[in-house]
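Let's walk through this model together, one question at a time.

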Amino acid sequence: MGKRPLGRREGAGSLKAVGTMSNVKTEDEIALFEREIKEFWTKFKGIYGSEQINQILALRDSCKESIKALSDKWSKKLKEEDLMIDKIQEYSDEILQQSKRISENQEHLTEIKSNLNHEEEQKKDLTDSIQELKEELMKKKGIISSKNKATKERVERLCKSKALFEERLGLEIRRIHNEQLQFIFRHIDHKDPEKPYMFTLSINEQGDYEVTSCSPPLDCIAEFQQKVRETNNFSAFVANIRKAFTALSYKQSV
């Protein structure tokens with residue numbers, strides 16, 4: 001036959017009994033542990049003595065305090081080192097940025113220096129060109145001054161010869177625009193003694209005599225001009241032109 005199942009009351013009673021027995025056993029174990037501790041402590045005190053135990057406890061507490069102080073000190077030191085590392089990293093980043101800016105500024109300064117050197121070279125070239133132009137201008141001024149002086153002297157000599165030419169050749173000399181001299185001959189045409197025969201003379205840039213006009217025109221005027229340039233015999237030049245005008249007048253009257 002099978003076992004009869006327990007009723008509700010019977011089951012509850014059994015569980016309660018089991019629980020009570022478990023509690024009793026735990027309390028006995030605790031009591032036994034405490035008793036063993038007390039016995040150990042009594043034996044420990046008997047062996048080492050109360051004074052030594054107190055010293056050990058004091059040493060333990062001192063060690064704890066020292067360890068705690070050292071731990072706090074190192075903890076603080078580690079925090080400071082962490083802050084120092086962060087600060088060093090920050091300084092390192094700042095130095096890197098400054099180095100970058102310095103490099104950029106150096107490149108900019110190099111470019112500026114190159115531009116300044118180029119400008120200095122251009123300035124020197126310009127100064128040399130200006131100096132050359134000044135020297136050339138001074139030379140031209142000297143040449144022009146010499147030519148003007150020579151021209152003025154020639155004109156003065158011609159003016160001094162005016163009286164002689166007027167008296168002997170029936171010649172009138174006039175100074176007209178652009179420092180030119182106009183030579184007017186009369187008493188050439190026997191039918192009309194007051195009829196003018198004239199030519200205009202100037203000194204060109206090369207300092208040579210140049211006939212700029214002739215009335216009436218003479219075919220030989222270019223030949224006379226070349227000859228006076230070669231011989232510088234102005235009196236003969238004027239006399240030859242008068243002879244040519246006279247020959248032309250005689251030819252026209254025949």
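Accessible areas here come from the Shrake-Rupley method with a 1.4 Å probe. Keep in mind that this is a predicted model.

Q: What share of the accessible surface of the protein chain belongs to carbon and sulfur atoms?
A: The accessible surface of the protein chain comes to about 21,000 Å². The part that belongs to carbon and sulfur atoms is 55%.

Q: In what order do the elements of the protein chain run from the N terminus on?
A: The protein chain holds four helices and four strands. Read from the N terminus on, the order of these elements is α-α-β-β-β-β-α-α.

Q: Which strands are the edge strands of the open sheet?
A: The open sheet is formed by four strands in the order S1-S2-S3-S4, with antiparallel pairing. An edge strand here pairs on one side only, and that holds for strand S1 (171–176) and strand S4 (209–215). By how much are neighbouring strands turned, too? The edge strands asked for are S1 and S4.

Q: Which residue in S4 is the bridge partner of Met-198?
A: Strands of a sheet pair through backbone hydrogen bonds, either parallel or antiparallel. Strand S3 (residues 197–203) and S4 run antiparallel and are joined by six bridges. For Met-198, the bridge partner in S4 is Ser-215.

Q: Which helix packs on the sheet?
A: The helix in question touches S1, strand S2 (180–185), S3 and S4. Its direction makes about 150 degrees with that of S3. This helix, spanning residues 234–253, is H4.

Q: How does Leu-116 count, and what is its relative accessibility?
A: Leu-116 is found in helix H1 (residues 8–160). Together with Leu-109 and Ile-112, Leu-116 makes a nonpolar surface patch of about 260 Å². Leu-116 counts as partly exposed because its relative accessibility is 47%.

Q: What percentage of the residues in the protein chain is buried?
A: The protein chain has 254 residues. Of these, the buried residues make up 17%.

Key. Residues are numbered from 1 along each chain as its sequence is written. This is a predicted model: local features need pLDDT of at least 70, side-chain atom pairs count only at pLDDT 80 or more; totals for chains, interfaces and linings use all residues. Side-chain values use heavy atoms; hydrogens and water are left out. Patches are made of residues with over 30% relative accessible area and no salt bridge: like charges are joined within 9 Å, nonpolar side chains (Val, Leu, Ile, Met, Phe, Trp, Tyr) within 5 Å. A salt bridge is a side-chain nitrogen of Lys or Arg within 4 Å of a carboxyl oxygen of Asp or Glu. Helices (H or I, at least four residues) and strands (E, at least two) are DSSP runs, numbered from the N terminus. Buried means under 20% relative accessible area, exposed over 50%, partly exposed in between (1.4 Å probe, protein chains only). Two strands pair if DSSP finds at least two bridges between them. Contact means heavy atoms within 4.5 Å. Axes are lines fitted to C-alpha atoms, for helices over the stretch in contact, and angles run from 0 to 180 degrees between N-to-C directions.
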